[in-house]
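User: Hey, I'd like to go through this structure with you. Can we start with the terms and then pick out some spots?

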Amino acid sequence: MLTRSNIPRLTAAVFISIVFAVLASCKGGNTAVTSDAGDTIPLRYSSLLTIVDHHGYTLVEIKNPWRQGRIQHRYVLVPRDADMPANLPHATILRTPIKRAAVFTTVHCSLLTTLGRGENIVAVADLKYIKIPYIQQHVKSGDIADCGGGLNPVVEKIMDVKPDAILLSPFENSGGYGRVEEIDIPIVECAEYMENSPLARAEWMKFYGLLFGEQQQTDSLFAVVDSCYHALKGMAARAGEGRSVLIDRIVGSVWYVPGGKSTLGQMVTDAGGRYPWAADEHGGSLSLPFETVLEQAGHCDVWMYRYSAFDHEQNYSELLSQHHGYSQLKAFRNREVYGCNVEQSLFYEESPFRPDYLLGDFIQILHPDIPNAPNLRYYKKLSE
């Protein structure tokens with residue numbers, strides 16, 4: 001049986017080796033609280049988080065990613081072993097460290113197990129999307145409850161395990177969280193995916209470190225991520241201009257192309273690649289017809305896309321069978337297509353909080369002749 005003692009734990013030694021190797025229930029109001037008291041915890045990249053340490057508690061504010069000037073949620077973190085301070089701001093109160101959490105996303109399950117906090121996960125949703133062995137084994141043994149789908153979880157199962165908080169991702173115009181909001185368990189809205197840079201997204205690990213009593217570890221881990229990311233970015237800059245790249249593929253009748261200010265769009269820039277939509281100002285995806293993509297990016301040297309296949313890796317024949325128009329892409333004709341099978345890799349589990357890993361893939365693909373570039377971790381060149 002797995003225990004906390006044998007969950008992989010990132011230590012300072014591991015951090016250093018990585019550096020050298022790669023060189024809810026209560027929503028807030030419309031404006032943020034300002035106060036002369038308290039020490040603001042510095043965040044270098046995040047545009048959505050504000051963390052202020054006060055005497056007896058920590059105030060965390062999450063800006064609304066979709067409505068500028070508004071607050072998505074406000075939390076007051078009070079140490080579990082301390083008396084409740086008087087005159088707290090209007091916010092969701094969380095006793096920290098959180099001992100029991102229902103976690104609805106694979107990426108946060110991955111972060112918690114990496115931090116050695118897998119034993120604090122008592123319930124999950126969307127289990128079929130969680131490829132973490134620790135979670136799968138503990139659900140099977142009954143130590144972690146499977147609460148069904150994230151959009152419509154079985155709240156009775158959540159209530160049975162009595163979590164201190166529920167971690168889930170908010171969505172624009174979602175209309176709330178249904179019955180989950182009615183069971184009087186604090187909801188932690190994990191909105192880091194709405195940040196517009198890879199390091200801003202990864203920096204949210206500091207918030208989760210505060211929640212689970214691992215502030216020192218997450219501060220150290222983020223320092224490693226930051227250092228590695230900039231070392232790789234510098235490597236790419238010294239290599240000069242990289243190849244041009246098209247990202248992802250058509251779904252139905254629409255090609256969802258990452259916007260120029262999205263995390264993937266930013267990563268192409270950081271990797272020194274040329275991206276047809278680099279000047280675009282969108283932080284999300286652009287919904288484009290195939291003809292538009294062909295016109296603007298059909299000439300790209302490289303094509304990188306993600307797909308889901310449990311039992312095999314795609315090849316050119318299978319890819320072409322999905323859309324005959326792919327044969328018109330230069331990258332397809334020149335056999336410069338790289339696929340990321342999200343079922344057989346840890347793309348979604350790792351890359352949000354380890355963007356340096358993903359940047360290594362981008363650099364290797366966009367600068368194939370660069371010396372000492374990291375080996376591919378998520379993407380593989382398609383075979384015939």
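Predicted model: local features only at pLDDT ≥ 70, side-chain atom pairs only at ≥ 80, totals over all residues.

User: OK, which residues is Asn120 in contact with, leaving aside its neighbours within four places in sequence?

Analyst: Those are Ile98, Lys99, Arg100, Ala101 and Phe212.

User: And where does Asn120 sit?

Analyst: Asn120 is in the loop between helix H2 (106–114) and strand S7 (121–124). Helices (H or I, at least four residues) and strands (E, at least two) are DSSP runs, numbered from the N terminus.

User: Is Asn120 buried or exposed?

Analyst: Buried, because its relative accessibility is 4%. The cut-offs are under 20% relative accessible area for buried, over 50% for exposed, and partly exposed in between (1.4 Å probe, protein chains only).

User: New topic: is the peptide bond from Thr96 to Pro97 cis or trans?

Analyst: That bond is cis, with omega near 0 degrees. Pro97 belongs to the loop between strand S5 (92–96) and strand S6 (101–103).

User: Now the strands. How do S12 and S13 pair?

Analyst: S12 (residues 250–251) and S13 (residues 254–258) are antiparallel, with two bridges. Two strands pair if DSSP finds at least two bridges between them. Val251 is opposite Val254 in S13.

User: What's in the turn between S12 and S13?

Analyst: The two strands make a hairpin with two residues between them, and Gly252 in the turn has a positive phi of about 70 degrees.

User: Which strand do four bridges join to S13?

Analyst: That's S14 (residues 285–288), which runs antiparallel to S13. Here Val257 stands opposite Leu286 in S14.

User: What about phi at Arg335?

Analyst: Arg335 isn't a glycine, yet its phi is positive, about 60 degrees. You'll find Arg335 in the loop between helix H11 (330–333) and strand S16 (337–341). With a relative accessible area of 30%, Arg335 is partly exposed.

User: And phi at Asn372?

Analyst: Positive too, about 65 degrees, although Asn372 is not a glycine. Its loop lies between helix H13 (355–366) and strand S17 (380–381). Asn372 counts as exposed because its relative accessible area is 74%.

Note on methods: Residues numbered from 1 in each chain as written. Heavy atoms only, no water. Contact = heavy atoms within 4.5 Å.
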